[in-house]
Amino acid sequence: MSTENTIQHTIDKADLEGKQEYTITVYAENRIGLLNRIAIIFSKRKINIESLNTSPSEIDGIHRFNIVIHESYEVLRKLARQIEKQIEVLKVYFNTNEEIIWQELALYKVSTDEIAEKVTVERLLRQYGASAVVIRKDYTVFAVTGHREETDALVKALEPYELIEFVRSARVAIIKDSAGFHEKLKEFEAFEPGEELVENEFLDKGEKIFTM
């Protein structure tokens, strides 16, 4: 499929010459081996994937991949074309951070005693909008959603207070200027409708026709 509509942002000189963070959005059928083939496209070019998330999309049977990398515009355009050559892939978009709405989920395991004894920790958790997921005698797990800078900042703030464990999810992102891929799919189907089923008139006459 063509990648002419893949680019969603206004291109400037900095985009063309320098590297920056991009989120690649891939709509594809959920088939075994596709993720591996997409990963090979990146590894062959020695491009590191910063974040990778797959999930069902708004279209039944179609999955959505969010891939975050740090690269130049020209490299991104070539990557999009390569990914779209995969037979299961319907469409690929890529956008800068300014052109998407994105979030990441982070979990923090902290000593329950530290929270109970020190008011500072409770204040920090309130400040970052953390919500308790599990509360046990020995530890408490908090969840925070936000951008990477925000979740990283809370890690640093909790380090003096017995931060036991930390984990962050991959990025989930929605394109700001988009009516949704299902609208594009409707346009495509209207432009290139599927062929009507043609019944084989000889289907029930096999013995009469194909006997020697």
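**Reading the sheet and its helices**

Modeller: Let's start at the hairpin of strand 2 and strand 3: five residues lie between the strands, and Gly61 takes a positive phi near 90 degrees. Please keep in mind that this is a predicted model.

Colleague: Thanks! What makes strand 2 and strand 3 count as paired?

Modeller: Pairing asks for at least two bridges between two strands. Strand 2 (residues 51-56) and strand 3 have six bridges, in the antiparallel sense, so they meet that rule. You can find Ser55 opposite Arg64 in strand 3.

Colleague: And how do you know that strand 1 pairs with strand 3?

Modeller: By the rule of at least two bridges. Strand 1 (residues 19-29) and strand 3 are antiparallel over 11 bridges, so they count as a pair. Strand 1 also runs antiparallel to strand 4, with seven bridges joining them. Ala28 is a handy landmark: it stands opposite His63 in strand 3 and opposite Val89 in strand 4.

Colleague: In what order do the strands of the sheet come?

Modeller: The order is 2-3-1-4, in an open sheet of four strands with antiparallel pairing.

Colleague: Why is one side of strand 2 and of strand 4 left without a neighbour in the sheet?

Modeller: Strand 2 and strand 4 (89-96) stand at the edges and each has a single partner strand, so there is no neighbour in the sheet on one side of each. On average, neighbouring strands of this sheet are turned by 20 degrees against each other, direction ignored.

Colleague: Why is strand 3 called largely enclosed?

Modeller: A residue is buried when its relative accessible area is under 20%. In strand 3 (residues 62-72), 10 of the 11 residues are buried, so the rest of the structure largely encloses this strand.

Colleague: Now the helices. Why are helix 2 and helix 3 described as they are, by direction?

Modeller: Helix 2 (residues 34-44) and helix 3 (residues 73-84) pack at an angle of about 150 degrees, with their axes 10 Å apart. Angles over 145 degrees count as roughly antiparallel, and these two helices are therefore roughly antiparallel to each other. Helix 2 passes helix 3 in a right-handed crossing.

Colleague: Which residues make the contact?

Modeller: Ile38, Ile41 and Phe42 of helix 2 meet Leu79, Gln82 and Ile83 of helix 3.

Terms used. Residues numbered from 1 in each chain as written. Predicted model: local features only at pLDDT ≥ 70, side-chain atom pairs only at ≥ 80, totals over all residues. Heavy atoms only, no water. Axes fitted to C-alpha atoms, helices over the stretch in contact; angles between N-to-C directions. Parallel < 35°, antiparallel > 145°, perpendicular 65-115°, else oblique. Left-handed = near helix turned anticlockwise from the far one by under 90°. Contact = heavy atoms within 4.5 Å. Buried < 20%, exposed > 50% of the residue type's maximum accessible area, 1.4 Å probe, protein only.
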